Amino acid sequence: MDITLEQIEYRYQQHTPFERLALHDISMNIPSGSYVAIIGHTGSGKSTLLQHLNALLQPTKGQMKIGDRTIQAGQKGKNLREIRQKVGIVFQFPEHQLFEETVEKDICFGPMNFGVSKEEAIKRAHRLVQLVGLPEEVLNKSPFDLSGGQMRRVAIAGVLAMEPDVLVLDEPTAGLDPRGRKEMMSMFYNLHKEKNLSTILVTHSMEDAALYADELVILHHGEMKKKGSPRDIFSSPKELEQWGLSVPDIVHFQYMVEQKLNRKLNKTCLTIEELAEELQSMRGDLQ
Ligand SMILES: Nc1ncnc2c1ncn2[C@@H]1O[C@H](COP(=O)(O)OP(=O)(O)OP(=O)(O)O)[C@@H](O)[C@H]1O
């Protein structure tokens, strides 16, 4: 499902003394199956933009196309349920939204609310609890007896149980330890690849943006400053600096490896063993 934003503007508390311009003239196309990371310093408008993607917020100017629906500023959006089902949002600390007595009920809540039969919802719960890396036994437990990381996985399973076409992730790894963070980011990446699930990641982690996304969007004071591949974006560190961003170490390392290998490869054609040896010696440079 494609999403297109056309000259979106968003003002909080419009026409009041507290009016605040949060997004200005944002245009972008997010084609089906893409992985986009939205980056920008705090207060740049990332969460505001993200909430437009399933029409939780509607633009105060411009229009957006979400699948086959067009939502125009000033028009009251009707029948947004379908959009809410097709675009699943994992909000920051989604575990705070768990409320049912059992994990199974919590995962089934969303799909059943959207008309899925109880039987089918339970089937999805069994499949998804495993997909998010939890044993099936947790289904009968209270979500509140689980650890914070496990609760977050349950909440994510609840969003996936809606079988969205687009998954929007707002800082999904906030507060997790490095291992939990890596596991979760890999899980989202595998989902994206295996199911061709469009994924839109809002993150403060330049490393995650560089590692997983095909395209990066930079927001700064509510404006879209740049959009491009990680290679495009990270090739201009000075430019990034003015928006309060920096090139992550992983990208420095990638370039160093590439440069070294290119130098070697220009000289002579390396055998696989020589290549492995070369990479091994570069490991030391990283550590
Ligand atoms: N409910 C609100 N009412 C008024 N202004 C708001 C509201 N929510 C956000 N803002 C303002 O809109 C601007 C964009 O906020 P937003 O939360 O979208 O930024 P962000 O990039 O997601 O920030 P962070 O990285 O800290 O989550 C900020 O200036 C913020 O103060």
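1. Helices (H or I, at least four residues) and strands (E, at least two) are DSSP runs, numbered from the N terminus. The model is a predicted one, in which local features need pLDDT of at least 70 and side-chain atom pairs count only at pLDDT 80 or more, while totals for chains, interfaces and linings use all residues. Residue numbers start from 1 along each chain as its sequence is written.

2. The shell around the ligand consists of Tyr12, Gln13, Arg20, Ala22, Gly40, Thr42, Gly43, Ser44, Gly45, Lys46, Ser47 and Thr48; a residue is near a molecule if its C-beta atom, placed from the backbone, lies within 6 Å of it. Two elements, strand 2 (20-30) and helix 1 (46-52), each give two or more residues to this shell. Helix 1 contributes the most, with three residues.

3. By residue class, the shell around the ligand holds two nonpolar, eight polar and two charged residues. Here Ala, Val, Leu, Ile, Met, Phe, Trp, Tyr, Cys and Pro count as nonpolar, Asp, Glu, Lys and Arg as charged, and the others, Gly among them, as polar.

4. Helix 6 (residues 178-195) has 18 residues and should span 26 Å at 1.5 Å a residue, which agrees with the 26 Å between its end C-alpha atoms. The expected span is 1.5 Å times one less than the number of residues.

5. Which residues of helix 6 are buried? They are Met184, Met185, Phe188 and His192. These residues lie on the same side of helix 6, because they cover an arc of only 95° around the axis; the arc is that of the directions from the helix axis to the C-beta atoms. A residue is buried if 20 or more other C-beta atoms lie within 10 Å of its own, exposed if 12 or fewer, and partly exposed in between, with C-beta atoms placed from the backbone.

6. The cover over the buried residues of helix 6 includes strand 3 (35-39), strand 7 (166-170), strand 8 (198-202) and helix 7 (206-212). On the face turned away from the buried side, helix 6 carries the exposed residues Arg179, Asn190, Lys193 and Glu194.

7. Some backbone angles deserve attention. Phe93 is not a glycine, yet has a positive phi of about 45°; Phe93 lies in the loop between strand 6 (87-90) and helix 3 (103-113). Phe93 counts as partly exposed because it has 16 C-beta neighbours inside 10 Å.

Notes: Two residues are in contact if their C-beta atoms, placed from the backbone, lie within 7 Å.
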